[in-house]
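Here is a short tour for anyone meeting this protein model for the first time.

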Amino acid sequence: MASPAESDLPEVISHTASRLAEHARDHALPSVTVILHGGEPLLAGTARLRLVCEEFTRALAGTAGLDLRIHTNGLQLSRRYLDLFAEFGVRVGISLDGDRAANDRHRRFADGRTSHPLVLAAVALLRSEPYRHLYQGLLCTVDVANDPIAVLDALVELEPPRVDFLLPHATWETPPVRPDGAPDAYARWLLRVFDHWERLGRPVSVRLFESLLSTLRGGPSLTESLGLAPTDLVVVETDGTLEQVDSLKSAYEGAAATGFDVFAHSFDEVAAHPGVRARQLGLDGVSATCRRCPVVRSCGGGLYTHRYRADPDGGGGFGHPSVYCTDLRELVDGVEGRTASRQTAPELTDPAELARSQEQLTRVLLARLNADRTGDPEWARSWELLACVERAGEAGADALGAVLGHPFTRTWVLEALDAGRDGHPGTPGAPDAARRLAALAAAAVLRGGLDLPAEVPYRDGEVYLPTLGLLRLGAPGTRGRAALRATGTGYAVRDGRAEHRFGPAAGDARWLPVRSWSPPGPDTAPVALEDLDPHRNCFARPPRLRLGAGEAEEWRARLGAAWTLLHSAVPEFARAAAAGLTTLTPLAGGPRAHGWGEAGRHGPGALGVPYGAGVRETALALLTGRRRARLRALTEVADLYALDGQWQHPSPWRERPVPVSRLLADVHERVAVEAYRRATAAPEPGASDRIQRALDRLAGAAELTSTGKRLVAELRWESKAVDA
């Protein structure tokens, strides 16, 4: 809202407050922000400012939260203003361009006197009690003639909650001042500030930099001047005129006008104005040049005003890159280059870190499921047992990590959460959640050899103990409860009065253990051959039932031969495929036409392989399935790309454009497939060219995060190695 200083102001304020309350009510807005600016809003005096605070507070009461702010040069700021602001919670932002030399370049009094001491006194008063909580931050307009280090030091010394660096308003018709004529002068100035901010340990929040860091991670923009988020600002002049953002006034006469006012028009009508709508179109609202730029998601084409260039017919046009285009590109690239190694998720390069993050994600989801099961005594007993296992030292922690890291624990948790959301007790996992948790806790007790009471309910005469095996306790259809404990050589179960031993050394036909397979080669960990877990049905095709002893040995031999083939053909890809693989599930049928393996929907570390596939098809299934599983696991714990727009890219393998997630998945798989085919003398014609075209497209994808770009770089190196 522009500075309130006109004689008819009370009516304007009242109508504006009513209009805003109407808009908030119609759209169920949780809160609205009102910013008093100018000019200099403190010139309105305390009486008019009190009227503003009272009217907006009254109008919004019971409808939406009110965030009142004021932007001032601080010269008039005194206790009488701050007492008023404290009464209504008005937060204060002060314009200050840095140290005295920077301030005096543009902010002297008319007679030449410096204003710097008065601004510092205002900030000191605002920082003092009882006003400190009103201190919103400092607004600094960039002037490349100033020393960037001295500017930041001066601002940091005042301990602002936030600093906003603002580029001077300029257009292609009135370009920004560039003392050395360099097109990147503002970028170089800001990057020097960024470097110093980093050296100081980021002592204050700097919105410009934090917005860039956010968008480079795939997050939202934090400022109107950057990014593609829609703008939701409207300006109310003191006469009630409704205008677009007032920076547009620097473009040309009437650029901010809408033809509306608060007396005759609603805020919905303003929102529908073409000029306002143009700033809400995201990617579609920037120039064709910007849409093709790989940093557009971070810079957003720059501030809308800065794009203005007069059209040949004399009209005004904003469909151009920013007059600061070169600066913005260098700034984004500079910040990314300086922070890429820290911004890159460690899960991308460290399989152990990926496994830890996946286990942590399972724990988070399990905790959410626990919150949904309040009031279930069976669940509560098992939950407490899990807590006891975790407290039982290293053995307990390792055992709990093993059962929580079991791929199909995640599948079960998500099924149970979905069942709870849907409210369908018949959904798999809903009524059985407590029974599965009891089995999970019991398996942890047995794995850790812990002296803890582990009791499990069972039905149909069976209980599955995750990672261990299936125990048959009675005839089909029987139900009951059994107490389990670890023994020196295995496990024991008590069902009623009888107790018998089972486990690795028991030789009991009622015990079906989870089999394992050790891939050939050095430093390979055993892999579970999981054909028992009832939640292994997370693949596109159904899993096989329990393999017979002969079938299991035959499958082990086929897997070993396939693994040996992979290591001889594509050793680097084979080693990467082994990392993180914990579980293989035999799937029904033979290989599909492409022969590729299947990553479980929600089973990190699990891979489904058609049981009927031959050695060559099994090798390809192991390779491609692991590539799919790795990428899926990465996307679950790290941001590879943003999902906040309709980004579509041409694909060499598909008829229609696809989102970056699909294009990245295709390349991620096909680089490995082409390497395997070349090594086995069966390359696909034109595959290398298609991969390169896709990689080139990904290299320019603005929605990729720093981690996503690092992954694309890895894929390019892999592809070059294949072509070498």
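## Charges

Before looking at charge, a word on counting: Lys and Arg are taken as positive, Asp and Glu as negative, while His and the chain ends are not counted. Each charge is placed at one atom, namely NZ of Lys, CZ of Arg, CG of Asp or CD of Glu. On that basis the protein has 84 positive and 91 negative charges, and their mean positions lie 6 Å apart.

## Where the model comes from

This is a predicted model, in which local features need pLDDT of at least 70 and side-chain atom pairs count only at pLDDT 80 or more, while totals for chains, interfaces and linings use all residues. Residues are numbered from 1 along each chain as its sequence is written, and side-chain values use heavy atoms, with hydrogens and water left out.

## The overall picture

What is the secondary structure made of? There are 24 helices and 23 strands, where helices (H or I, at least four residues) and strands (E, at least two) are DSSP runs numbered from the N terminus. The C-alpha trace spans about 100 × 60 × 50 Å along its principal axes.

Of the 724 residues, 51% are buried; that word means under 20% relative accessible area, with exposed being over 50% and partly exposed in between (1.4 Å probe, protein chains only). The accessible surface comes to about 31,400 Å², and 52% of that belongs to carbon and sulfur atoms. These areas come from the Shrake-Rupley method with a 1.4 Å probe, and for residues only the protein chains shown count as cover. Take the contacts (heavy atoms within 4.5 Å) between residues at least 6 apart in sequence: 66% of them join residues at least 24 apart.

## Two cis peptide bonds

Most residues other than glycine have a negative phi, and most peptide bonds are trans. The bond from G38 to G39 is cis, with omega near 20°. G39 sits in the loop between strand 1 (31-36) and helix 2 (45-60).

The bond from E129 to P130 is cis too, with omega near 10°. You'll find P130 in the loop between helix 5 (116-127) and strand 4 (135-141).

## Two positive phi angles

A28 isn't a glycine, yet has a positive phi of about 50°. Its loop runs between helix 1 (9-26) and strand 1. Is A28 buried or exposed? With 64% relative accessibility, A28 counts as exposed.

D460, also not a glycine, has a positive phi near 55°. D460 lies in the loop between strand 12 (454-458) and strand 13 (462-465). D460 counts as partly exposed because its relative accessibility is 45%.
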